[in-house]
Amino acid sequence: MAFSFNSSVLFFAILLSTSYAQNGLILPIRKDTNTLQHYTSIQMGSNRATVNAVIDLSERFLWFECDNYTSSTYAPIPCNSQKCEIAKGSGCLVECRGPQRPGCTNNTCGASPFNPFESFIPSGTYGEDTLYSNDHIQVPQFSFACTVSDYSKGLASGTTGILGLARTQISLHKQVANKLNLPDKFSLCLPSSGLGKLYVGGGSSSKSDVSKSLITTPLIINPVGTGPAISVQGEPSDEYFINVKSIRVQGEPLSVKSSYFNIDKDGVGGTKINTMINFTTLHSSIYKPLTRAFVKAASDMKIKSVDAVAPFRACFSSSTISKTSTGPSVPIIELVLPGNDVSWKIYGANSMFQVNKNVICLAFVDGGSSRRTSIFPSTSIVIGTYQLEDNLLEFDLVSSQLRFSSSLLVQNKTCSRL
């Protein structure tokens, strides 16, 4: 059978898209210098509207403000449907009073998008549309939520929503894996400057020299919901926890009870990775020994302490710290993990924050001593984005493992030069 020119073009376009899809999606990551948040860009719908969304390892799905969103391929997800059940919809919008549009349709599955900088959770609705990346990939019938206008308070300038990467059935990586027949994994490289990358379903990170030197540690499940979702009783957390056993400063272990590093039966404790807080937060019983040990080790290196600058407690004179390829020359902090001498090393570029020309501070924050944060169990160590920058992280949900590089600066690389 002869092909027409148009059908031939369509055939090769589909073939090209399929070929690209075998390597997964590659999305750009940018850093907002005001909020220090990291965000990406995708295109949605028939008009390929650009959506800038902050990257959140804790959020369950993609959501954005849909006031100006129009698409002929958009379809609401009906209440009580299988897709609504998969999304764990919250209630049902029976009737929307207003012009029918994305975010305002009748008999639509309810959603509860979460912005940690807002004081309320609005009622949103689930729908589906085609998601496009800028590397020739399209994901049809991609489930996401529309939310009310002006719900992006506190988010990076120019963003209108959040891209959820949690352990759920409608997170970006899970939908890409299911729809494109790819492994359920994603890699994150948050840039300190320039352009980083989010690889979904595999991607180029697996072909880089860096991937060969990645360290592997198990991803563990907290049996109790930790947010931001309105937790369903009896369901485990959707967030990403690793089993930090202890902390070392310049090779010396901190004197901290092991119970603070463990997750107890109520879901309290443990260590999780979070992209919505800027600096790693520690339970007071870990933070205080850490700062004491760091100040002492810094003093041994002839580094001069100065008055603290909030929110930090340990600050130093910049003039007494030399510079190296891995940032300021300061004591190395290690998060000790299971295995034979396995640790996540944190060098000066990720441990020190320059607050002004003369003062540089240990970039960790005291998280207090409460067992609960709002209605959720308190986590002992929450690793924030400043400590993640220029570290390559691969979340493999098939084998339930995290592969990480520690600082790429050790290999004379960064996330923008990977």
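I began at N107, which counts as partly exposed because its relative accessibility is 42%. The model is predicted, so I read every value below as a property of the model.

**Backbone: positive phi and a cis bond**

I looked up phi for N107 and found a value near 50°, positive in a residue other than glycine. I placed N107 in the loop between β6 (92-93) and β7 (108-111).

I then went to Q250. Its phi is near 50° too, again positive in a residue other than glycine. Q250 sits in the loop between β15 (246-249) and β16 (252-253). With a relative accessible area of 42%, Q250 is partly exposed.

N181 was the next stop. N181 follows helix α3, and its phi is positive, near 55°. I listed the buried residues of α3 (residues 172-180): L172, H173, Q175, V176, A177 and L180. I kept the general rule beside that list: an α-helix has 3.6 residues a turn, so residues three or four places apart point the same way.

Which peptide bond is cis, with omega near 5°? I found the one from A310 to P311. P311 belongs to the loop between β19 (305-306) and β20 (315-317).

I looked up S58 in the loop between β3 (49-56) and β4 (63-65). Buried or exposed, at 5% relative accessibility? S58 counts as buried, because the cut-off for buried is under 20%.

I checked what the side chain of S58 meets. A polar contact of 2.5 Å links it to the side chain of E239. Another polar contact, at 3.4 Å, links the side chain of S58 to that of N274.

I traced an open sheet of 4 strands in the order β19-β20-β26-β25, with antiparallel pairing.

Helix α4 (residues 284-300) does, and it touches β19, β20, β25 and β26. The direction of α4 makes about 15° with that of β20.

β25 pairs with strand β26 (residues 359-362) in the antiparallel sense, over 3 bridges. I found M352 opposite L362 in β26.

**Disulfides**

How many disulfides does a search of the whole structure find? I got 6. As a reminder, a disulfide is a covalent bond between the sulfur atoms of two cysteines.

I numbered the bonded cysteines of the protein chain in sequence order and wrote down the pairing: 1-8, 2-4, 3-7, 5-6, 9-12, 10-11. I then opened some of the bonds one by one.

*C66 and C146.* The S to S distance in this disulfide is 2.0 Å. The torsion about the S-S bond is about -80°, so the disulfide is left-handed. The pair links distant parts of the chain, 80 residues apart. C66 is in the loop between β4 and β5 (75-76), and C146 is in strand β9 (residues 138-147). Both C66 and C146 are buried.

*C84 and C109.* I found the sulfur atoms of this disulfide 2.1 Å apart. Left-handed or right-handed, with a torsion of about 75° about the S-S bond of C84 and C109? The disulfide is right-handed because of that torsion. C84 lies in helix α2 (residues 82-86) and C109 in strand β7, 25 residues apart, and the pair links distant parts of the chain. C84 counts as buried at 8% relative accessibility. C109 is buried as well, with a relative accessible area of 0%.

*C189 and C415.* The sulfur atoms of C189 and C415 are 2.1 Å apart in their disulfide. The link is left-handed, with -80° about the S-S bond. C189 lies in strand β11 (residues 185-189) and C415 in the segment after β32 (401-407), so the bond ties together parts that are 226 residues apart in sequence. I checked accessibility at both ends. C189 counts as buried at 1%, and C415 counts as buried at 2%.

Technical notes
Residues numbered from 1 in each chain as written. Predicted model: local features only at pLDDT ≥ 70, side-chain atom pairs only at ≥ 80, totals over all residues. Heavy atoms only, no water. Helix = DSSP H or I, 4+ residues; strand = E, 2+ residues; numbered from the N terminus. Buried < 20%, exposed > 50% of the residue type's maximum accessible area, 1.4 Å probe, protein only. Polar contact = N/O pair within 3.5 Å; in protein donor to acceptor, adjacent residues only side chain to side chain. Pairing = 2+ DSSP bridges. Contact = heavy atoms within 4.5 Å. Axes fitted to C-alpha atoms, helices over the stretch in contact; angles between N-to-C directions. Disulfide = S-S within 2.5 Å.
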